[in-house]
Amino acid sequence: MFDLDALRHALSTGRYAEAAEALLGAVAAESAWERERVLAAARALPEAQPLLSALEAALRDPQDARRRNGARSLLATLASPGAEHDHGQALALLARLATTDADPDVRVLAAAALGESANPQARAALEQALADADANVAA
């Protein structure tokens with residue numbers, strides 16, 4: 001079960017990679033209830049920026065689809081307009097990945113996260129992704 005106090009402690013002591021791994025492991029839980037609980041905790045974080053590099057690395061992990069999809073869900077949540085923190089950095093990261101990353105799988109996941117974020121500011125990047133040379137990204 002996800003330990004919110006342990007997450008807060010890891011964040012408050014600068015152990016951002018550990019916090020990101022805790023979130024990734026918990027969001028991959030089989031229970032939909034637990035997954036929603038973790039995403040709600042991510043939405044309520046006071047700051048998202050320290051987690052972004054670890055989540056980007058997870059999004060790029062070609063060996064673990066659950067990890068990639070967990071990173072997609074977490075990045076979408078962090079970029080959502082309902083987040084407690086400034087969602088701009090997560091949104092900018094996803095926009096850059098969706099439109100310029102060399103790996104089409106990363107572009108697909110980032111574009112999906114932008115759509116899931118329900119952030120109106122994602123529109124320009126999503127429109128750009130529609131013109132992607134890779135049919136999976138453009139879809």
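Predicted model: local features only at pLDDT ≥ 70, side-chain atom pairs only at ≥ 80, totals over all residues.
Colleague: How are α3 and α5 oriented to each other?
Modeller: The axes of helix α3, residues 32-43, and helix α5, residues 65-78, come within 9 Å and cross at roughly 40 degrees. Angles under 35 degrees would count as roughly parallel, and those of 65 to 115 as roughly perpendicular. The crossing is right-handed, and the two helices α3 and α5 are therefore oblique to each other.

Colleague: By class, which residues make up the contact of α3 with α5?
Modeller: From α3, the residues R35, L39, A42 and R43 take part, and they meet S73, L74, T77 and L78 in α5. Sorted by class, this contact of α3 with α5 comprises four nonpolar, two polar and two charged residues.

Colleague: Is S73 buried or exposed?
Modeller: S73 has its place in helix α5, and, not counting residues up to four places away in sequence, S73 touches R35, L39 and E116. Buried means under 20% relative accessible area. The relative accessibility of S73 is 6%, so S73 counts as buried.

Colleague: How are α4 and α5 oriented to each other?
Modeller: Helix α4, residues 49-59, packs against α5 with the axes 7 Å apart and at an angle of about 140 degrees. Only an angle over 145 degrees would count as roughly antiparallel. The crossing of α4 and α5 is left-handed, and the helices α4 and α5 are therefore oblique to each other.

Colleague: Which backbone oxygen does the side chain of R68 reach?
Modeller: R68 lies in helix α5, and at 11% relative accessibility R68 counts as buried. Leaving aside neighbours within four places in sequence, R68 is in contact with A58, L59, R60, D61, P62, D103, D105, V106 and L109. At 3.4 Å, the backbone oxygen reached by the side chain of R68 is that of D61.

Colleague: Does A125 count as buried or exposed?
Modeller: A125 lies in helix α8, residues 123-129, and, with neighbours within four places in sequence left aside, A125 is in contact with A95, T99 and L114. The relative accessibility of A125 is 10%, so A125 counts as buried.

Colleague: What separates the C-alpha atoms of A125 and L75?
Modeller: A125 belongs to helix α8, while L75 is among the α5 residues that make the contact with α4. Along the chain, A125 and L75 are 50 residues apart, and their C-alpha atoms are separated by 15 Å.

Colleague: Is T100 buried or exposed?
Modeller: T100 is found in helix α6, residues 88-100, and T100 lies 15 Å from A122, C-alpha to C-alpha, with the two residues 22 apart in sequence. Exposed means over 50% relative accessible area. The relative accessibility of T100 is 55%, so T100 counts as exposed.

Colleague: Which backbone oxygen does the side chain of T100 reach?
Modeller: Although T100 counts as exposed at 55% relative accessibility, the side chain of T100 reaches a backbone oxygen at 2.7 Å. The residue that holds this backbone oxygen is R96.

How values were computed
Residues numbered from 1 in each chain as written. Heavy atoms only, no water. Axes fitted to C-alpha atoms, helices over the stretch in contact; angles between N-to-C directions. Helix = DSSP H or I, 4+ residues; strand = E, 2+ residues; numbered from the N terminus. Left-handed = near helix turned anticlockwise from the far one by under 90°. Contact = heavy atoms within 4.5 Å. Nonpolar A, V, L, I, M, F, W, Y, C, P; charged D, E, K, R; others polar. Buried < 20%, exposed > 50% of the residue type's maximum accessible area, 1.4 Å probe, protein only. Polar contact = N/O pair within 3.5 Å; in protein donor to acceptor, adjacent residues only side chain to side chain.
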